[in-house]
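Please look through the structure before reading on.

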Amino acid sequence: MQVQDDNLKYLFLNKWQGFLVFLSLVAGVSFASSGVITWVAANWDYFSSLQKLYGIQLLFILACLTAFLAYWRYTRKTGHAKAGLGSQGALFLAAVITGALLALIGQVYQTGADPWTLFAIWSALIPFFLLAAPNAAIALLWCVVMNLAWQLYREDFWGMLSREYYYQALMYAGFNLLLLVLAECNIARLGDRFRLVPRFLGFFCLWPLLGMDDGNIYDTATSGLTGLLVWVIPVLVFAAGFRYYSRKRVDYFMLANLVGFLSAVVLVRSISFLGLWRMLDGSLFMIASLVLLTAGMGVAAINRLYRKNNPDRGHKSLWPVHLLMVCVVMVVSLLFVLFLAIMNVSFLGSGISLLVIASVICFSGKDPGQEGVVSGSLALIGLGMMAVSLLEIHNDFFRPDKVAVLRLQASAIAAVSMAVYVMFRQVWVRFLSATQTIGLILLVLYTFMGGDDSYGAAEAAFFTLSLHAVPWLALASVVMFVGAHQYEHNALRPLAWALAVNALVLTVLNTLELSGQSGVEQAFGPVDMFRAVLAGLNPLKAGNWGNLVFQCLPAVLVFWGMRKQEGAGRWFTWLVAALVFVLCLYWGNDNGVVYGLILVLLAYQCRDWVLGGTGAIAMIGFLWMFYYQMVLSLLQKSFLLLGTGLVLLTVTVTCRHWLRKGREEHDMETAQATETPPQPASVAAAKARGLLPLMTVLGMVSVLTVANWGIWTHEAILRTGQRVVLALAPVDPRSLMQGDYMSLNFELVNHLRTAVQATQSANKDKDANRQKPRQGFAILSIDDKGVASLAGVSQTYPSMILADGKTVIMRYKTGPFGTVSLASHEYFFPEGQGSHFAQAKYGEFRVRKDGKALLSGLLDENLNRL
């Protein structure tokens, strides 16, 4: 029943040395995987297409061989036929390289930037590596890839939440439920102590069933059944899930997720139901009350279960409950703001009244239950009303006649927020009140930095403030976390979390602001590449000395944590701290990744695995944002990521060897002291058998077969296919995994769309807008210049038409709402060459006899290849 305590012991079982080796292994694999994907997306023309294709296949083979070697060494030393951390990390890297290889094939042969097929094939190949080395990382990657494939095929996740597509939502939720059952049955094999895979799948089992009313009038035959299902199914799913995770397999995060889902269902159903009566004024208050009541009852049930299973914990609550209440209170506060705005009631007066009522309830002991949901919620809603009153009174923050009053009022509300922090003991109340206090303090500082009342000056002032405030907020959060842990002042933890969250939010805003700034052009050679990376990573180029806080904090945390560790030599401590400092300095101004590392290191020192998870998620999120930043080119980013990953993996191998040698010497000394001879190598190791060698070989053969079959097929089309030229009009976005491309709009598509709509009208197809994708054949006529035009369409292959060199058959697909697509509507090019390919006027295809086509290049107005 004490799952979270077991996780705490497991995560912090090793000494600092072991934890840093584990962290460097995970981070090294992650950075190297990200670097491979970014290198593929860069589309570097320094190498030929075949060199890139077979080079990444060689890298894939090396990752598989590394996994096999690590497995062989592990079984030889331990006698246990299972995958260790080394083989698991190598196979995870091989699984990521598999996706990068598929993306590279799509990029080289221009098979389209719609990546759902890429993710679908990728998801079919990952199970080989999952069976070879069952672990949570590969299992989570598999689940993410499959869900991405489904969503990219649907192209509208939010649309699936509506009633109109509720049956598709049921299929999607049922698919994830099947995966959830598999994960729960194999949770021990995966070694998923933190239950990351079931919790990820639990989100996609529930929230697609929301069934929001988008305001459409349903006139289909199933509309009545759909209206009943959107009420019944969420309640049944909640009841079954709550029963299972409260009795069979206790998981408080899943229970909080279920309560949050039920609260969202109540919100959506109440808006739909009360909206029919057109009771807008009173309905908002009723809806907010129902949502708060639902969440409060759920929180009370979760806390009672926790206290029943852990009677020695007293009235301690759980972080999933805190997160749930933070989200619920924010939604309810928004509803109250809308209600007061409609009723034309003063926000300031309402906020003060709610605070007084909350204080009376809290100190009178009349709050039902021991969670203080009513009093805490009223206090936070009151604080929110008081904060919104600033917008009500002051429309312009920089007007000289208002700025002094604004500073005074904001400071007063900040003081009230801190008073609420002191008065109320609920963690979620303290977190939100401290967050509002910090936000108001930053607002006051913001008013001192505005030069005039123009939008540009306000934006520049905000960016400057956030850029300089983030390092000091991060430093303050570190001090608060360390102080709360060292001196057992739990009252400081909500304040530390508020500081950390504000620092993360401002870092996200800074990253988004920097994403639109252009940087240096893509380099063309390895030496130029290295120089460009060094030139772009000056930590003080923004003129912000606070950035040095980010570069120094991780090294300080490492040195401080290892200073009293047994077996940690002084040279090892200084070497690790120096290496961490150099890596952070290497990352320069990308403070998001560095701050995520700070939180992970701080989590070990404070024994807080939730903080470690937050830091890991922050690092992943900022790496994803790093991919879309324009300060560095994709190629420079790939070298940065690959360099970091290789350094970390080298450090992992070196440190593991050093630590293992020290343990062996210690075991030898212990054996000599006790006159016990050292145990020989286990004979069972020679007979150890496992699935890893077999499944690794099968996975390697499958991936290479799929990849090279695709290469051979595409090369055959390019070599023997008939040339077809189509007129186009390009634009320039960026793909998810394949880099920069031009979205091509062919004139042929417009003609095909007209022909398809005429056919549907003739057939009186009423469901044309909702039809499934279908394949058709376009009959093209080639003129003297080689440019094709539409001569006709057919739903089946027109075998009677002779291929005389002037007539070509090309496949096309039709989708919902009259969409028509050809083999490819995108052309990938190396980053930074968009202006060169923007002059394209035609697209050149190579078409096989059965109608399958590949986009082979772009042509200018004179039909010359670009």
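In which helix is the place of Val-232? Val-232 belongs to helix 11, where helices are DSSP runs of H or I with at least four residues, and strands are runs of E with at least two, numbered from the N terminus.

The model is predicted, so local features need pLDDT of at least 70 and side-chain atom pairs pLDDT 80 or more, while totals for chains, interfaces and linings use all residues. Residues are numbered from 1 along each chain as its sequence is written, and side-chain values use heavy atoms, without hydrogens and water.

With a relative accessible area of 34%, Val-232 is partly exposed, that is, between buried (under 20%) and exposed (over 50%), for a 1.4 Å probe and protein chains only.

Among the residues of the largest nonpolar core is Ile-302; a core is a set of buried Ala, Val, Leu, Ile, Met, Phe, Trp, Tyr and Cys residues joined through side-chain atoms within 4.5 Å. This core has 211 residues, and its largest share, 16 residues, comes from helix 2. Apart from it lies another core, which includes Leu-726 and Leu-822.

| Core | Residues | Among its members |
|---|---|---|
| Largest nonpolar core | 211 residues | Phe-31, Phe-60, Trp-587 |
| Another core | 27 residues | Leu-744, Leu-748 |

Four strands form an open antiparallel sheet in the order 4-3-5-6, pairing being counted if DSSP finds at least two bridges between two strands. Its edge strands are strand 4 (788-794) and strand 6 (820-821). Two bridges join strand 5 to strand 6, and Lys-813 stands opposite Ser-821 in strand 6.
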